[in-house]
Amino acid sequence: MKSALALLLLTASAALAQTTGTCTNKLQGLSETQITAVICEGSALPLEGQPMIVEVGGSQFETNVKKVTPVFGFNVVDAAVTDAGKAQENLILLSGVPAATLQYQSTSLPVSVLPADPLTAKNRVDYEWAIGPAKAPNTDPSNPTTDATDLDAIRFSGSGNYARGGIFGMKNGKDSLLQSTASVSIDTTDTDTPSFADNNRAAVAVQFTNLNAGRIWMHGNAGFETRADKAFHSDVQNFDAVLKVSGWVPVLRSFTLFSTQGEFIAAPLSFTASYGYRNRHQQATKASGRVFEGTAQYNLFLFDDYQVTLSGTWTVNDMTDRASAVPRTQRLYAATISYLANNRAGFRGVASFQDGSAGSMLRDVRQYFVGVGLARLNLGGKGGM
Amino acid sequence: MPENESENPPASESPLTETAAATDPQAALLAVSTSAAPGDAKKAVIYNCIVVIFLEQGFPEINDQSARIVWSTIDDQVIMAIGNGMSSCITGKGFHCPALAPMFATLKEMNQVTVVSDLVTGMASMVTP
């Protein structure tokens with residue numbers, strides 16, 4: 001039954017994947033006199049030379065459409081603000097809201113608003129999730145005879161991130177680098193066996209963002225985070241309060257090997273490191289003390305159409321009263337292989353592999369997946385200062 | 001018109017050389033060092049801005065226009081910085097350029113991979129004159 005379900009999901013994943021490329025209408029007022037909108041296919045387009053009203057926060061202003069350009073499967077609309085006297089006011093309006101409405105001819109089109117200032121991009125919401133069949137060797141320690149038949153499961157993985165400028169809604173200076181974040185990540189299966197990953201985390205943090213130290217550390221964040229790990233299939237929880245640093249390391253650039261076409265331009269090595277206090281409940285035992293956790297992710301491109309994303313997570317549970325059942329060190333390595341069928345569709349995950357343990361997992365696992373459901377990304381610039 | 005017009009070289013020079021003179025030294029070097037640069041000044045300016053801004057934002061140097069940008073690997077705030085930086089770069093060379101962050105954000109949303117030459121051509125259709 002489970003195999004049949006896995007096969008069904010694998011078959012369905014191809015169809016689901018067709019819907020992964022989403023397009024949302026959006027707007028940015030980069031200067032006082034100019035706005036630019038992206039209007040996705042399927043929506044009526046404004047006409048060049050005609051007025052377009054931008055309705056924002058109970059107010060509105062008029063623009064004149066200068067150019068409508070179809071590119072890459074959507075349309076870019078360049079418009080000039082008609083009343084130059086109110087231009088500054090309009091820009092302020094647009095910098096403080098997450099959404100607006102465009103009105104032209106008989107069309108009324110809701111759009112999300114991207115802030116003009118790159119620093120305000122610290123306001124964001126994004127999420128992704130995937131479902132797919134998973135397999136793991138049947139190496140249950142209570143049964144020393146390893147079964148030649150792999151274990152099957154359905155894997156659920158996903159993450160959601162929310163970030164907002166300032167400290168959780170408090171008024172914040174426009175140039176402040178302070179940012180509040182909340183995140184949830186899930187990596188689990190439908191089975192109780194500890195042979196599969198079961199590592200789920202919720203976290204909130206306050207951090208400084210957009211920190212740079214040249215090509216050694218770029219797009220960095222540093223701050224304080226509290227988080228909870230919980231296994232869904234066993235009685236294990238971690239509660240952490242840590243100092244956390246993250247960012248890119250541009251000197252460790254992504255590489256393309258054996259390609260007959262051009263090289264891929266992608267993010268370099270990225271990392272997260274945290275150090276602080278951990279309180280761990282594992283079945284009947286409790287332990288507390290210091291914890292270090294480091295994660296690194298790197299993109300490698302092979303031939304003309306394969307992306308291999310490598311990641312490693314290293315955890316040191318340096319607890320003074322750590323019970324023998326609580327591992328001192330945990331290492332989790334993962335590799336995800338994605339295939340580029342064509343540039344418009346982008347890379348799609350086709351297989352992944354995990355080895356080790358992290359967070360609330362009871363023991364090392366070795367599992368692999370074939371087929372990934374759909375992933376959705378959302379860059380809304382969910383406004384407000 | 002491109003800024004620093006008075007410093008432009010004589011009309012007999014190639015568009016690439018013209019562009020090189022109109023841009024900052026780094027972009028100028030890039031303009032004259034690539035054999036795959038487009039044939040007109042606008043495309044050359046756009047390509048130079050792509051090279052410079054991506055390098056500024058922590059990416060490896062783009063050596064030719066067959067390079068492919070994998071938007072899905074790029075953080076949202078970096079996408080914004082690239083878009084705003086590139087709009088500013090192109091505008092600074094005397095062209096009218098729409099805000100580019102919405103376009104790059106949409107390319108990421110749609111999970112697209114973009115060949116740099118296609119990006120140059122697409123942007124050239126938006127940039128005026």
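The legends below describe close-up views of a predicted model.

Residues are numbered from 1 along each chain as its sequence is written, while chains are lettered from A and ligands numbered from 1 in the order in which they are written. In this predicted model, local features need pLDDT of at least 70 and side-chain atom pairs count only at pLDDT 80 or more, whereas totals for chains, interfaces and linings use all residues.

**View 1. The contact between chain A and chain B.** The contact draws 50 residues from chain A and 42 residues from chain B, two residues being in contact if their C-beta atoms, placed from the backbone, lie within 7 Å. Among the strands (DSSP runs of E, at least two residues, numbered from the N terminus) that each supply at least two residues of the side of chain A that touches chain B are β4 (59–71), β8 (124–138) and β12 (217–230) of chain A. The most comes from β1(A), which gives four residues to that side.

**View 2. Strand pairing across the two chains.** Strand β15(A) and strand β1 (residues 68–70) of chain B pair in the parallel sense over two bridges, where pairing requires that DSSP finds at least two bridges between the strands. Within β1(B), I69(B) is the bridge partner of I265(A).
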